Amino acid sequence: MPNFTPSTTLTRSDASKYLATNTKLPHYVDAIGNEAFQRRNQIQTVSFPPELSRIGARAFQGCAFLKKIELPATVTELGNAAFSDCSAMKSAVLPATPLTLPREFMSGNRRLETVTFQGRSHLTNIYPNAFSECQSLGSLLLPSTVTEIHDRAFYRCKSLDQVYFPPGLRVIGIQAFYFCGFRTIELPDTLEALDESAFFKCTNLTHVRLPKSVRYIGKWAFHGCNRLQYLEVRHDPEFIGEWIINRSATIRCYPGSKMDRYCQENGFKVEYL
């Protein structure tokens, strides 16, 4: 009788064998295939195999009653929208090893309150829409290794009022923090690009100081921030887009600087440093 070696990748057809309120996956599995558990509403919790390395695209998308996840430290690859539209999910513990969080990774998880990154994270990129519409997410401690937050990564996370921006962050993408709940933000001295509408409609912001490292300010970067009183810019960026603030706000800058000329040419209020 030939030896039987079980598959190390769990497919959608395999998944039906393990469906339960508290799903426990077999120890020998090291990968979960694309769409393996997509829209399986029986699942409330999952015990992942200890040597799991990959979770495929949309693997748990639309699992409406999945409440929380704690991924093993061995996971190195995460697929697009792997845990998106999980409407009951409240907490997630993410492994240290992936270099990227993929597109739409947890998008649409409106009850998600906490995301914890395991220690010594290698994460460098948070890709577009990774946490978009996570409306209950309240605060976030990003790993110190993150260098780019891509377009709409935290789009309409309206409860997000506190984020630790890591010291190596270089790029904040288009609408990355559109309509978030920040009262204050502390941007690192490594930031180079603040793209179009990056903080559009962050209506609780009152004061922002841009670090001197910022070379690019996209149009509408802080537009729609109705409570914003001051944007302080102590240097001359290479590019300044249209309508970076509302007219009710004031730009603080040096007299005769590029920012000063920008204010004069566009009719913005200015206060000299």
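A residue counts as exposed when its relative accessible area is over 50%, as buried when this value is under 20%, and as partly exposed in between. These classes are applied below to a predicted model.

The protein contains two helices and 22 strands. Its C-alpha trace spans about 85 × 30 × 25 Å along the principal axes. Of the 273 residues, 51% are buried. Among contacts with a separation of 6 or more, 25% are between residues 24 or more positions apart.

Charged side chains comprise 31 positive and 25 negative groups, and the centres of the two sets are 6 Å apart. Eleven salt bridges are present in the structure. One of them joins the side chains of Glu148 and Arg170, with an N to O distance of 3.3 Å. Glu148 belongs to strand β13 (residues 148-149), whereas Arg170 is in the loop between β14 (162-164) and β15 (171-172); the pair thus links distant parts of the chain, 22 residues apart. Arg170 is partly exposed, because its relative accessibility of 31% falls between the two cut-offs.

A salt bridge is also formed by Arg215 and Glu238, whose closest N and O atoms are 3.6 Å apart. Arg215 is located in the loop between β17 (207-210) and β18 (216-217) and Glu238 in the loop between β19 (230-233) and β20 (239-240), so this pair ties together parts that are 23 residues apart in sequence. Glu238 has a relative accessibility of 56% and therefore counts as exposed. Arg215, at 40%, counts as partly exposed.

In a further salt bridge, the side chains of Arg234 and Glu232 meet at 2.5 Å, N to O. Glu232 is buried, because its relative accessibility is 13%, while Arg234 is partly exposed at 33%.

Salt bridges also link Arg110, Glu133 and Arg156 in a network. Glu133 is situated in the loop between β11 (125-126) and β12 (139-141). With a relative accessible area of 19%, Glu133 is buried, because this value is under the 20% cut-off. When residues up to four places away in sequence are not counted, Glu133 touches Gly108, Asn109, Arg110, Tyr155, Arg156 and Cys157.

How values were computed: Residues are numbered from 1 along each chain as its sequence is written. This is a predicted model: local features need pLDDT of at least 70, side-chain atom pairs count only at pLDDT 80 or more; totals for chains, interfaces and linings use all residues. Side-chain values use heavy atoms; hydrogens and water are left out. Helices (H or I, at least four residues) and strands (E, at least two) are DSSP runs, numbered from the N terminus. Buried means under 20% relative accessible area, exposed over 50%, partly exposed in between (1.4 Å probe, protein chains only). Contact means heavy atoms within 4.5 Å. Lys and Arg count as positive and Asp and Glu as negative; His and the chain ends are not counted. The place of a charge is taken as NZ of Lys, CZ of Arg, CG of Asp or CD of Glu. A salt bridge is a side-chain nitrogen of Lys or Arg within 4 Å of a carboxyl oxygen of Asp or Glu.
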